[in-house]
Amino acid sequence: MAVVEGVDIPRISIIVPMYNAESGIARCVASVLAQTQRDFELLVVDNNSRDRSIRTCKDAMAGDARARILAETRQGVSVARNKGLAEARGEYVFFLDADDEITPDALDKLLAEARAYDADMVTAGLEHVLLDAAGQVRSRMAHPMMTERFEGQAGIARAFASRLPQYGLFSVFMLYRRSLLEEHALRFDPAVSLGEDLLFNLSAFRQAHRLSVLGEPVYRYYHQYGDNLNLKYRADMSAIKCMLFENAVGFLSDSGCWDEDAKRAYYTMYSQEAFLLVGNIFRNPAYVASAARREFAEVLALPDVQEMLKRRGSLTLSLPKRVFVTSLKTKSFTLARLSVQAYRILNRV
């Protein structure tokens with residue numbers, strides 16, 4: 001641990017927002033305390049949990065001086081992360097969700113890469129752990145990435161354009177140089193409760209000089225059937241998605257990277273976003289067929305949807321996605337609904 005002007009500076013500050021996470025927080029904390037890299041501080045920001053999260057977390061910390069719990073009123077994950085950033089002292093910052101965990105050597109590997117390349121941001125692959133309704137592990141799937149390094153805003157933007165889902169949608173499994181965040185006052189927007197990670201990363205990408213990617217998975221993302229904000233009805237989902245991707249395209253355009261390759265990658269990815277928007281219509285608990293048809297027409301009229309349909313022949317789509325895109329092209333409400341229902345059955349969500 002370095003000492004700067006009499007203050008101990010750990011190498012890494014791990015920030016964990018917590019709200020009613022008693023089922024996963026012990027696993028999360030244990031994975032941090034078991035790290036081969038010992039020079040860190042663990043900041044768990046409790047969002048006014050109503051279950052046994054705090055007690056479970058304290059038990060898992062077992063009096064370790066490197067770990068502490070910060071109290072926050074329930075204002076959402078963005079406020080909790082910002083609270084952690086305000087308290088962080090580390091040279092680097094790493095965000096971890098309360099129900100996830102990291103591999104024992106995760107911090108060592110991320111830190112080594114950050115120093116070897118002098119990177120402002122380092123991301124890595126992850127392992128997706130799917131839980132059943134009882135919380136038991138149903139399947140595990142590793143999602144490695146190519147080991148790569150990118151320099152300058154144009155280089156980072158090119159990486160973002162070609163691999164948007166991996167390189168921008170999440171703040172977890174990303175190591176940030178804390179001075180980058182502090183010098184540019186980068187914080188999560190409390191007004192945004194869906195896609196806040198993307199906005200945060202876009203701001204960081206605009207200021208970063210170097211981004212590095214470790215191919216091997218170091219983060220274990222736990223997901224339970226149906227537990228996904230994108231799979232819960234939101235009346236404002238269309239507006240939020242439009243805002244998010246307007247920001248993404250703005251970053252690519254400002255970086256001089258909004259070319260045909262970027263557009264092809266972007267609209268391939270956007271087919272999934274269009275699917276989520278249409279699926280959102282059928283998740284409305286107050287579903288009425290006539291209103292749903294109007295919402296379907298509104299999705300079809302979105303500029304990004306229209307552009308995606310124009311480019312559909314050049315996009316790399318799976319068979320289910322091709323069927324779904326066909327439903328949009330033919331304006332078939334029935335086929336779109338069947339596509340969503342088939343997805344739910346196959347994925348049990």
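**Charges, chain and one serine**

Reply: In this predicted model, the 44 positive and 43 negative charges of the protein chain have mean positions that lie 7 Å apart, where Lys and Arg count as positive and Asp and Glu as negative, while His and the chain ends are not counted, and each charge is placed at NZ of Lys, CZ of Arg, CG of Asp or CD of Glu. Residues are numbered from 1 along each chain as its sequence is written, and side-chain values use heavy atoms, with hydrogens and water left out. Local features need pLDDT of at least 70 and side-chain atom pairs pLDDT 80 or more, whereas totals for chains, interfaces and linings use all residues.

The protein chain has 14 helices and 12 strands, which are DSSP runs numbered from the N terminus (helices H or I, at least four residues; strands E, at least two). Of its 349 residues, 50% are buried, meaning under 20% relative accessible area, with exposed over 50% and partly exposed in between (1.4 Å probe, protein chains only).

Ser238 counts as partly exposed because its relative accessible area is 27%. When neighbours within four places in sequence are left aside, Ser238 is in contact with Leu277 and Leu302, contact being heavy atoms within 4.5 Å. The C-alpha atoms of Ser238 and Val278 are 9.4 Å apart, although 40 residues separate the two along the chain.
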